[in-house]
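Student: I would like to learn how to read a model like this one. Could we start with a single residue?

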Amino acid sequence: MSQIQNNIWALPRLSLRWWPVFQRNWLVWKKLAIPSLVGNIAEPLMWLVAFGYGLGALVGQVELSGEQVPYILFLASGSICMSAMNAATFEALYSAFSRMHVQKTWDGIMNAPVRLDDVVLAEMLWAAFKALFSVTAILVVMMALGISHSWKLLVAWPVLLGVGITFSCMALIFNALAKGYDFFTYYFTLFLTPMMFLSGIFFPREQLPGFVRVVADWLPLSVAVDLVRPMFLDRWPDEPVRLVLVLAGFAGVSFWVALALTRKRFRS
């Protein structure tokens with residue numbers, strides 16, 4: 001395929017031609033928007049109600065940086081990051097794989113003057129947009145329930161977009177490697193699920209053993225939680241520049257690796 005660069009590790013060659021690909025995904029998604037949103041929103045809200053109100057009644061409050069915080073607020077500020085992660089991941093894995101491998105939509109798109117690099121960029125941004133759409137609806141419900149009314153949540157909104165971008169980039173690596181849908185089980189079982197329990201979503205990371213805590217602090221989901229949780233508490237995160245740079249580093253490296261592996265897949 002002439003559009004695939006000989007050097008798969010070359011820097012991305014991007015243009016505005018990603019936009020029609022993004023629009024195409026949007027037009028298709030609109031036909032199934034309601035069931036898609038229900039699937040992305042219902043599960044995190046059930047987690048919030050079951051654990052936030054149920055377990056929260058037993059736990060009461062948790063200590064966070066010397067401050068007593070209601071457990072439902074602690075859980076909500078972490079689960080919103082988990083929701084962004086899951087929504088972006090599912091879209092960049094199952095839906096993107098269907099378009100790339102099963103339906104051969106990418107092949108059809110690249111018959112037009114559109115590079116593979118632009119297609120991958122469009123898929124990444126589309127997955128991040130879907131994650132943002134989902135977390136926006138969840139944020140509205142959380143505010144309606146009175147969990148938090150901090151105006152700083154307006155700043156958390158673009159941060160959650162960054163979380164969606166990061167995890168969509170990471171998921172596209174496994175999308176490029178997958179031979180079938182079953183392959184994604186490894187990614188969820190060996191990476192996402194352990195990270196979900198180690199990143200301070202359900203309990204403070206201070207309770208983890210020393211070595212595990214050091215590793216957990218640098219996980220991308222932990223970084224996202226450290227950025228977003230303080231805004232739910234109406235304060236700014238500690239070391240925001242470092243946290244943003246770490247998250248951006250995960251996204252940038254992951255996108256480069258995902259693009260290289262996708263180029264290799266289409267060249268073979």
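Student: Does Lys152 count as buried or exposed?

Tutor: The general idea is to ask how much of a residue's surface a probe can reach: buried means under 20% relative accessible area, exposed over 50%, and partly exposed in between (1.4 Å probe, protein chains only). Lys152 has 8% relative accessibility, so Lys152 counts as buried. Before going on, note that the model is predicted, with pLDDT of at least 70 needed for local features and 80 or more for side-chain atom pairs, while totals for chains, interfaces and linings use all residues. Residues are numbered from 1 along each chain as its sequence is written, and side-chain values use heavy atoms, with hydrogens and water left out.

Student: Which residue meets the side chain of Lys152 in a salt bridge?

Tutor: Side chains of opposite charge can pair when their charged atoms come close. The cut-off is a side-chain nitrogen of Lys or Arg within 4 Å of a carboxyl oxygen of Asp or Glu. Lys152 meets Asp234 in this way, at 3.3 Å from N to O. The two partners come from distant parts of the chain, 82 residues apart: Asp234 is in the loop between H9 and H10, and Lys152 is in the loop between helix H5 (116–144) and helix H6 (153–177). Helices here are DSSP runs (H or I, at least four residues), numbered from the N terminus. Asp234 is partly exposed, at 41% relative accessibility.

Student: How many salt bridges does the structure hold?

Tutor: The structure holds 11. In one of them, Arg99 pairs with Glu91, and their closest N and O atoms are 2.9 Å apart. Both partners are buried, because the relative accessible area is 9% for Arg99 and 5% for Glu91.

Student: Which residues are linked in a network of salt bridges?

Tutor: The network links Arg205, Glu206, Arg213, Asp217 and Asp226. Within this group, the side chains of Arg205 and Asp226 meet at 2.8 Å, N to O. Arg205 lies in the loop between H7 and H8 and Asp226 lies in helix H9, 21 residues apart, so this pair also links distant parts of the chain. Arg205 is buried at 8%, whereas Asp226 is partly exposed at 24%.

Student: What is the volume of the largest pocket?

Tutor: A pocket is an open set of points on a 1 Å grid over the protein atoms alone, where a 1.4 Å probe fits and protein lies on both sides within 12 Å along at least five of seven lines; lining residues have an atom within 4 Å of a point. Grid points are joined across faces, edges and corners, and the volume is the space filled by probe spheres set on the points. For the largest pocket this gives about 390 Å³. Of its 18 lining residues, the closest to the centre are Leu64, Ser65, Arg205, Glu206 and Asp226. Arg205, Glu206 and Asp226 were named above as parts of the salt-bridge network. H9 supplies the largest share of the lining, four residues.

Student: How do the residues of that lining divide by class?

Tutor: Ala, Val, Leu, Ile, Met, Phe, Trp, Tyr, Cys and Pro count as nonpolar, Asp, Glu, Lys and Arg as charged, and the others, Gly among them, as polar. The lining has five nonpolar, three polar and 10 charged residues. The second largest pocket holds about 320 Å³ of space. Its lining of 15 residues comes closest to the centre at Glu43, Trp47, Met82, Asn86 and Phe90. By class, this second lining has nine nonpolar, five polar and one charged residues. H3 gives the most to it, with six residues.

Student: How many aromatic pairs are there?

Tutor: A pair of aromatic rings is described by the distance of the centres and the angle of the planes. Rings of Phe, Tyr and Trp (its six-membered ring) pair if their centres lie within 6.5 Å; planes under 30 degrees apart are stacked, over 60 edge-to-face, and the rest tilted. There are 28 such pairs. The rings of Trp9 and Trp256 are edge-to-face, because their centres are 5.6 Å apart and their planes stand at 80°. Trp9 lies in the segment before helix H1 (18–30) and Trp256 in helix H10, so the pair ties together parts that are 247 residues apart in sequence. One aromatic cluster includes Phe90, Tyr94 and Phe97.

Methods:
Helices (H or I, at least four residues) and strands (E, at least two) are DSSP runs, numbered from the N terminus.
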